[in-house]
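Trainee: Please give me a close look at one chain of this model, and then show me how another chain is built and where the two meet. I would like the details in one connected account.

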Amino acid sequence: MHALVGENGAGKSTLMKILYGMQKPDEGTIAIDGEQVSFSSPADAIARGIGMVHQHFMLADNLTVLENVVLGSEKLYGIGGNARKKIAEISDRYGLGIRPDVLVEDLGVADRQRVEILKVLFRGAKTLILDEPTAVLVPQEVDALFDNLRELKSEGLSVIFISHKLGEVLSVADDITVIRRGTTVGTAIPSETTPRQLAELMVGSELPTPETAESTVTDKPVVTVKNLTVYAGGGIASLGEVGAQPETATVGSSGAAPGADVLTEATTPGAAKRVLDDVSFTIHAGEVMGIAGVEGNGQTELIDALIGTKHADSGAIEFLGEDITGWQTRKRRESGVGYIPEDRHRQGLLLESPLWENRILGHVTEKPNAKGFWLDIKGAQADTRRIVEEFDVRTPGIDVTAASLSGGNQQKLIVGREMSHNPKFLIAAHPTRGVDVGAQAQIWDRIREARREGLAVLLISADLDELIGLSDTLRVIYDGKLVADADPATITPEELGSAMTGAASGHLEHVDTAPEGHEGAAGPEDEAR
Amino acid sequence: MKKFDKERVLLAVAGPVIALVLAIALTSIVLLASNRNPFEPYVLMLQQLPYSDIQVLIINQAAMYYIAAIAVALGFRMNLFNIGVDGQYRLAAVMTAVVGANVGLPAFLQIPMLLLVAMLTGAFWAGIAGVLKVTRGVSEVVATIMLNAIATSVIGYITLANVWGVQVGNNMTTGVMKKSGWFPGINLGSDVGEIYGMVFVAIALGIGYWVVLNRTRFGFDLRATGASESAAAASGVDAKRMVLVSMLISGAVSGLAGLPLLLGDSHTYSLDFPAGLGFTAIGIALLGRNNPGGIAFAALLWAFLDKASPALDYATPVAYEKEIATIMQGLIVFSVVISYEAVRQWGLRRQQRQVGAELAAAAAQNTKKEVAA
């Protein structure tokens, strides 16, 4: 099992595309079993025994698992009993636990991934390429996946594994190749390497950890949310905004037992489902409250309600003592709510506009972007230059379009923009998603800095290390409810993960350490940290 | 970063130029296919250009195209497709003609009042589509197309003899407007003609359009909504309000589109009042890339094709059909759509590459310096 690691944009995906025949190399050769080959399409690669499991699954939702597997390779074993026998055989051999007659839309993420793997094996792959397979899984599911992979390995297959979660790579890989800026910068043997060394190899420099040094939590409440409830389909989105409808199907499939899972809530017909159910919390000045949860459990709705793009059906939001429940987004932003959106391309940027116009976005009524009714273009441009400088946005100038920057630099621009208006409350949704390690550290630093000056932050992230490292308080959201709270000083990602699947609730205690006895979670916790 | 500015100008010009070249080439192919000389019609049309009376006709016609195209462009800038400009300007013209024939104020009041009537009528008619869109989610495309048809019927009713219509020979008119409402123009002599005073209103509108879009908060919100509705919503733009307001403004502007002719020349709304301006304007706005300068150029080109093509019918020794100009206009719209999208994607990719290259170069220089130090 070979792992390929590198920062975003280092060239991992390009390399994999070449291996899978989706792209042709300009120079160089590929050899399989010592024999030199060249692929002009994925079909060639499949014929040579290379299979790929994409990060975004390529499955037809309304077909069964069997149909999905035979789709496109009907000639191999037909589409009937033969194919079914073959699927059962592969499934048993590698412990995949596939049920061929279930509709794919009824499967959780982890099960879909197994279907993808089976699809590849069905086509006779001897080498599997997995592109960031763990990005969508909770820790328990990751363990199950790794068990499957080990199974494959013991049967003599090779696995190429792309990831930037270094801990996982070290635990599962036999051999690691690190690439940076398109070239191989090193190889490592997992047993002799720490995640830190690996990360430094990846970035080419020392890197920091997301650990908040000392608590800066005060007792001044900034945001108080009371009994916020949102019904599915409520707050009618008439102007074409279709909120990314999430995978509610992951619910319940904790990965270990693929036979006994999936989907009870999501398909319940009749009464409107509460996508956000009676959520209450308080965030104080200087406090970072982290929300952990599998995507699609109400995070998007919570953010929408807080920033005001879709109002909640009931409940109240108080900001610095004022009731802002009915306020428009613009008024909220003007009064000091900063927003780092979860999808920067859809919500954070005008991709085809120059950087300085993107700097105006969201703050068009505020200085230095406007003077009264008029735009202050000079002011905005000057301030964009400052942001580019201070936040280390790598760009040749402020007139280039936002689309021409890399993801990390786009994100730095957004963080710079939001921080430039001295927010009192920051909604940070996946602030470092798809951002390379170097930029990640800078963004963490900025958030920590602002927190020291009294900023209240709501941090929503899929990166559990980030959540644990940055938060003062941790809450777990599951099926629209805040079901658990935890102390980030003691909790481990695994414990958090089990709460995220709904397996645990209430106050989470780390089992090995002495309980600290926090009960009501909303309060400012552990001053001493 | 002057270089990227120059790039942008280059990209902006490349689209229309490619479209025009392509359209001319395709027209020549059509001519060849019908066994005609593939180049002579262009020469014949260009020969019309030096005549002053043709120039005046072109400018006057272009002014109407320009106003209507600005109205369309306003919608385009925020992804609203106002196909209803046609109904809006005709209804506005008829209302203005009726008011102008029945109310007589001094000129300094009469003309602004007539402009206001036209704008309010246009805004009202477009506003119906706007309200339907924000309250019921009705596509503005469908609503405005239907409103065009309704406008035709309403105009038919208004011009009935027992409503406001006045029969003049075989023609139904709305009666001659009071003299104080005639917009003064620049008279260049009886054999040349008169440039409508509304031409300057059109120019002012173009400038106003640019200033509002590029220099005001409102314009920024409007453009942001057009560029990315989701990003605009997250940034605090009230999308519904924005849709309604831009529909109203677009309608108000289109209300003015018929006035150069009405106030400058015909002084009455009759059955032969030009129709279809609103549809032509869509092509002009496209060709002009929703940019006030580009639209001016496109409007002039369109007016030139309109006014120079009749000469083809009388050409000696060989006459051509003047419909060649219509074919060309159609082909221009067709090639505009293709070439703009191609240029846009090419430009985006090119800039991404350039930025990448510059950053790589900068990084390489830095490491060199470090090594040297």
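Mentor: A helix here is a DSSP run of H or I with at least four residues, and a strand is a run of E with at least two; both are numbered from the N terminus. The model is predicted. By that count, chain A holds 18 helices and 21 strands. Chain A has 529 residues, and 48% of them are buried. Take its contacts between residues at least 6 apart in sequence: 72% of these join residues at least 24 apart.

S14(A) runs parallel to strand S17 of chain A, residues 425-429, and four bridges join the two. Within this pairing, A:Gly338 stands opposite A:Leu426 of S17(A).

Chain B is next, beginning with a core. The largest nonpolar core has 244 residues, and those touching the most other members are B:Tyr65, B:Ile67, B:Ala68 and B:Ala69. Helix H3 of chain B, residues 52-76, gives this core its largest share, 18 residues. In soluble globular proteins, nonpolar side chains tend to be buried together. Leaving aside residues up to four places away in sequence, B:Ala68 touches B:Val85, B:Tyr89, B:Ser254, B:Ala257, B:Leu277, B:Gly278 and B:Ala281.

Among those partners, B:Ser254 falls within helix H10 of chain B, residues 239-256. H10(B) also packs against helix H5 of chain B, residues 107-136, at an angle of about 145°, and the axes are 6 Å apart. Their crossing is right-handed. The contact of H5(B) with H10(B) comprises 15 nonpolar, eight polar and two charged residues.

H10(B) leads on to the place where the chains meet. There, 28 residues of chain B are in contact with 39 residues of chain A. On the chain B side, at least two residues each come from helix H1 (2-33), helix H8 (217-227), helix H9 (229-234), H10 and helix H15 (323-372). H15(B) supplies the largest share of that side, six residues. By class, the side of chain B that touches chain A has twelve nonpolar, eight polar and eight charged residues.

Notes:
Residues are numbered from 1 along each chain as its sequence is written. Chains are lettered from A and ligands numbered from 1 in the order in which they are written. This is a predicted model: local features need pLDDT of at least 70, side-chain atom pairs count only at pLDDT 80 or more; totals for chains, interfaces and linings use all residues. Two strands pair if DSSP finds at least two bridges between them. A nonpolar core is a set of buried Ala, Val, Leu, Ile, Met, Phe, Trp, Tyr and Cys residues joined through C-beta atoms within 7 Å. A residue is buried if 20 or more other C-beta atoms lie within 10 Å of its own, exposed if 12 or fewer, and partly exposed in between; C-beta atoms are placed from the backbone. Two residues are in contact if their C-beta atoms, placed from the backbone, lie within 7 Å. Axes are lines fitted to C-alpha atoms, for helices over the stretch in contact, and angles run from 0 to 180 degrees between N-to-C directions. A crossing is left-handed if the near helix is turned anticlockwise from the far one by less than a right angle, and right-handed if clockwise. Ala, Val, Leu, Ile, Met, Phe, Trp, Tyr, Cys and Pro count as nonpolar, Asp, Glu, Lys and Arg as charged, and the others, Gly among them, as polar.
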